[in-house]
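Subject: Structure handover

Hello,

Here is the structure I promised to pass on. Please open it first, then read my notes below.

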Amino acid sequence: MNSQWTLISLLFFTSAIAESFKNLDSHPKFPCKPPHFSSYPFCNVSLPVRQRALSLVSLLTLQEKIGQLSNTAASVPRLGIPPYEWWSESLHGIADNGPGVSFNGSISAATSFPQVIVSAASFNRTLWYEIGSAVAVEARAMYNAGQAGLTFWAPNINVFRDPRYDFNAVVTEQDMEDTYQPPFQSCIRDGKASCLMCSYNAVNGIPACAREDLLQKARVEWGFEGYITSDCDAVATIFDYQGYTKSAEEAVADAIKAGVDINCGTYMLRNTRSAIEKGKVSEEQLDQAMLNLFAVQLRLGLFDGDPREGLYGKLGSHDICSSGHMKLALEAARQGIVLLKNDHKLLPLNRKHVSSLAIIGPMANNISNMGGTYTGKPCQRKTLFTELLEYVKKTSYASGCSDVSCESSTGFREAVATAEGSDFVIVVAGLDLTQETEDKDRVSLSLPGKQKDLVSSVAAASKKPVILVLTGGGPVDVTFAKTDPKIGSIIWIGYPGETGGQALAEIIFGDFNPGGRLPMTWYPESFTKVPMSDMHMRADSSRGYPGRTYRFYTGPQVYGFGTGLSYTTFDYKMISAPVRLSLLKLLPQPSHKKLLLQDGEKQLRYLRLDDLAVNSCESLRFNVRYSVTNTGEMDGSDVLMLFSRMPRVLSGVPEKQLIGFDRVHVRSNETMETLFVIDPCKQLSVANDVGKRVIPLGTHDLFLGELQHSLSLEF
């Protein structure tokens, strides 16, 4: 699951969980333990965090400092500081990927929420927050049981530029400014992320972990106050694989000077002393890393005394896999599942009218990859087949293929026979972790192996149009199914987590009305001809380049970003929105309008944000108010997606861009109102070709569904 912030992976750690900890060991290990160690200034909770951190660092020897440069930080016995493991995982529930988590103690499982690409499809901010809070509680409980750390590496951000992966990223300033960096800037400024991870790849020829300009941009411009870790052994790649430096010492020095605080692995442990001795980096530069690391631990309360007396000291095994968390996981799966096709209202099925049911496909009765990657031990293990049995007792199963690779058709005969003998048929196809995962590039966007043939064979044999269920995180070219009348419905479930089977069954039989929307563009197989190493976002017709993502892609698509159907219908009406907006008050000296003109220009086409008066953007915020009416017979949730289309007054303007979204639940024949607050400096701006953000002047079209509204930005 690669990502880019300038291709630097951002990983949150769940800071909300940590003010103290309780270890069930009768002699819990914690710093500042009285009476011998509690008198150190860094243990004085009345002092500011930075002062305490400075005090602690000043007491460390060089070797003790070097011992902190790994994800497994060494103890400092003479100061009463125990070892610390920075690496625990909690992408969509507590995972067992890192060394910081163990399911071998008193806690043997944790709630497995849907993979984040599925939760993203819900477009529900409240749901995301609730999932984060639940994971935080379970993480704290795991820590209290001595089975996890306090810092959790979790969601990475993927702009889904390409459904495959890349290494050296050659990125324009324009794309850097308005595609690759904004999500991470938002996570730091708005989400208060406390950990950044620099990745293996290079950015414009410089290894990510050596890009001082990028790492320091996060601290200086975005206000990042956490710690920066390398991906595992990413510092080693600077010398060993990329050959960017002439020695291991130079690689370590470049990383430390760039702002890397710890190396996931041992490379910095083994080479930092030599780097200092050879003058490649100074101990004073190393001290900054120490301050960053200990400041985080101090903010977590690790140096505040006995953790068993802390605010969260009572959390334990009863807080993991709780009924509330299981219900939340189910709700997340329900809201994230996307209905892509529903010809002639095939769905929902009426269970009273279904005499028999067949479910076919290698993933239909296999729970092992239901959670996707970076997952742990789920609280329950129920397959799609098992959950459908709860609705129709006469449900049959046939795999059709021995596995997702589906290299043989030997199981087709059984699958076809099973379909012929059933009233309704569900075919489960798509991807699992054998097809897409870290270190596993996809070479095709089609269904793996002979899956397409399996789907078509079963559909042709079925009495009624079949229901196709698609698994996996990335897009799949299912154009054949989209146009086949024998395939009546298509549902994408992604990696829905441990409750995904129940969520799917509820949707198929109408106990839940689907409302998810695709959070990425689904490209056709022809997209694989586009070089995956080409990082350009904008289309370029001169070289036959179609662009990337819904914002810039101009080629054919299987399903577009935001696609998603419901069992009911919704009607939108605009209540209020401005028709023109004057930007004159944004300038510190309006009389100097001529100074804003570019060379040779006679008319001002856009305003550069750098030219605007400080804090002037807030004065331009405006409201757009809509109503949404459920005109159908079934209660349901709708995702309102507000897009803008800018005037083409400069090169590289997006085809459209999402500027607001809201998920609302509306009962049948009732109406709800929703409000979008638009900041033109953020949502109606774009980067120019030198990477400077500008507001285009002229008519901006805002559209929600079929509604369109024109807004004139004037000077």
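Phe123 is buried: its relative accessible area is 6%, and the cut-off for buried is under 20%. The model is predicted, so far as every value here goes. Phe123 sits in the loop between helix H3 (116–120) and helix H4 (125–144).

Buried or exposed, which is Lys345? Lys345 counts as exposed, because its relative accessibility is 71% and the exposed class begins over 50%.

Pro348 lies between strand S9 (338–342) and strand S10 (357–360). The peptide bond joining Leu347 and Pro348 is cis, with omega at about 0 degrees. A cis bond also runs from Pro34 to Pro35, where omega is near 0 degrees. Pro35 is in the segment before helix H1 (49–58).

Next, H1 itself. Which residues of H1 are buried? They are Arg52, Ala53, Ser55, Leu56 and Val57. What covers them includes helix H2 (62–66) and helix H11 (283–299). An α-helix has 3.6 residues a turn, so residues three or four places apart point the same way.

Back to the aromatic rings. How many aromatic pairs does the structure hold? There are 20. One of them joins Tyr84 and Trp86. This pair is edge-to-face: the ring centres are 5.0 Å apart, and the planes make an angle of 85 degrees. Planes over 60 degrees apart count as edge-to-face, so 85 degrees qualifies. Both partners are under the 20% cut-off for buried. Tyr84 has a relative accessible area of 10%. Trp86 has 1%.

Now the whole protein. The protein has 19 helices and 25 strands. Is the overall build compact or extended, and what is the radius of gyration? The radius of gyration is 27 Å. A compact globule of 715 residues would be near 27 Å, so the protein agrees with that expectation. Along the principal axes, the C-alpha atoms fill a box of roughly 75 × 75 × 50 Å.

Burial is next. Of the 715 residues, 60% count as buried. The protein exposes about 28,700 Å². Carbon and sulfur atoms supply 49% of that area.

Contacts reach across the sequence. Take those with a separation of 6 or more: 78% of them come from residues 24 or more positions apart.

Last, the charges. The protein has 69 positive and 75 negative charges. How far apart are their mean positions? They are 3 Å apart.

Best wishes

Notes: Residues numbered from 1 in each chain as written. Predicted model: local features only at pLDDT ≥ 70, side-chain atom pairs only at ≥ 80, totals over all residues. Heavy atoms only, no water. Helix = DSSP H or I, 4+ residues; strand = E, 2+ residues; numbered from the N terminus. Rg over C-alpha atoms; globule rule 2.2 N^0.38 Å. Buried < 20%, exposed > 50% of the residue type's maximum accessible area, 1.4 Å probe, protein only. Contact = heavy atoms within 4.5 Å. Areas by Shrake-Rupley, 256 points an atom, 1.4 Å probe, with all protein chains shown as cover. Lys, Arg positive; Asp, Glu negative; His and termini not counted. Charge placed at Lys NZ, Arg CZ, Asp CG, Glu CD. Phe/Tyr/Trp six-rings, centres within 6.5 Å; stacked < 30°, edge-to-face > 60°.
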